[in-house]
Each structure stands twice: as C-alpha cells, then as structure tokens.
Amino acid sequence: HPGAENPERWRRTQGLLPYWADYDGVVIPGWLDAQHPWRDPPEGRRRSRSLAYEAALRRIDTLAWEAVREAGDDVRYFTLLTKLSREAAASARPETAGEGRKAAQWFELVDATSVDLDTLRLETIAWILKLQTVLEAGKGGRP
C-alpha cells in the first residue's frame, strides 16, 4: 500500500530496483472502491491507501502515482540502453563494440539504491544517443 507520499521511493522501487533485479513487472494498488471505509479516513489517521482517487469526470492522481508513471518511463529508457549496448558490443567494428561495452559497464556500476534518478535518466539518454550515433556510423550512414 502507498504509505507516505514519497515520489522518489515509489519511482525507485517501481522502476530501477525491479529492473536491476530482472523482474518482468510489478504489481501495485491503484485506487479503492468508492464505498471502501478507508476512502475518507477518520481524523488523525493516515490518508487512504489509494494511488489515485475517483472523481466525477476523471481520476485524481497522487504524487505516488506520478512517480510510478515516471518509473515506467525509466524502465523504457533502461531497456533501450540495454538493447543498444548489446547490439553495439556485438559489432564487428572495434569502435562500436568498445562503446557498447563502455555503456554496459557504466550501467552495471550504477548504485541503484542511492543514485539520483533524474541524473541517471539524463545520463542514460546521453548513452542512448551516443550508441545510436556509433551504430549508425557502423552501418555506413552519417553519424
């Protein structure tokens, strides 16, 4: 259940950490039934265990839900980086293979429990762009 609204915790535990553990996915609570007794907790208790709330016309997302969405985006970036680094490392072109191995090593050395997730995403994107460039150059196209 959500617990305290801690977007960084939700983003890390629903994105980077499961990815590193080679999970196929995660299961998380969504929102509660409108009749559930925890929907409006009594005074002095924590808020509902919902990640999103029902409203008349749309869902109201919480900070935790937005972090889960960001975690999904992180996983997409990590997956692309892994794919491109493997493809580059398998290249017959030494420069391309070297860049693929460097990218894979960089990602392996990331401390998943403490790395700043925004910085990690930016560095991951930089590696993706670099690998796309060297792979394209290796195919005879323009860098």
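**Figure 1. Secondary structure and confidence of the predicted chain.** The protein chain has four helices and two strands, where helices (H or I, at least four residues) and strands (E, at least two) are DSSP runs numbered from the N terminus. Read from the N terminus on, the elements follow the order α-β-β-α-α-α. This is a predicted model, in which local features need pLDDT of at least 70 and side-chain atom pairs count only at pLDDT 80 or more, whereas totals for chains, interfaces and linings use all residues. Residues are numbered from 1 along each chain as its sequence is written, and side-chain values use heavy atoms, with hydrogens and water left out. The pLDDT, the predictor's confidence in each residue on a scale from 0 to 100, averages 85 over the protein chain, and 80% of the residues score at least 70. Confidence is lowest in strand β1 (residues 52-54), with a mean of 74, and highest in α3, with 97. Where pLDDT is low, the predicted coordinates should not be read in detail. Of the 143 residues of the protein chain, 31% count as buried, a class that means under 20% relative accessible area, with exposed over 50% and partly exposed in between (1.4 Å probe, protein chains only).

**Figure 2. Aromatic pairs around Trp20 and Phe107.** Rings of Phe, Tyr and Trp (its six-membered ring) are taken to pair if their centres lie within 6.5 Å, and planes under 30 degrees apart count as stacked, over 60 as edge-to-face and the rest as tilted. By this rule the count comes to six aromatic pairs. Trp20 and Phe107 form a tilted pair, 5.6 Å centre to centre with 55° between the planes. Because Trp20 lies in helix α1 (residues 7-20) and Phe107 in helix α3 (residues 94-108), the pair ties together parts that are 87 residues apart in sequence. Trp20 is partly exposed, at a relative accessible area of 31%, while Phe107 counts as buried at 7% relative accessibility. The rings of Trp106 and Phe107 have centres 6.0 Å apart and planes at 35°, so this pair is tilted; Trp106 is buried, as is Phe107. Ring pairs link Tyr19, Trp20, Phe78, Trp106, Phe107 and Trp127 into a cluster.

Figure 3. Asp22 lies in the loop between α1 and β1 and has a positive phi of about 65° although it is not a glycine. With 65% relative accessibility, Asp22 counts as exposed.

**Figure 4. The packing of helices α3 and α4.** The axes of α3 and helix α4 (residues 117-138) come within 10 Å and cross at roughly 165°, where axes are lines fitted to C-alpha atoms, for helices over the stretch in contact, and angles run from 0 to 180 degrees between N-to-C directions. The two helices, α3 and α4, are therefore roughly antiparallel to each other, given that angles under 35 degrees count as roughly parallel, over 145 as roughly antiparallel, 65 to 115 as roughly perpendicular and the rest as oblique. Glu136, found in helix α4, is partly exposed at 37% relative accessibility, and its C-alpha atom is separated by 9.6 Å from that of Thr96, 40 residues apart along the chain.
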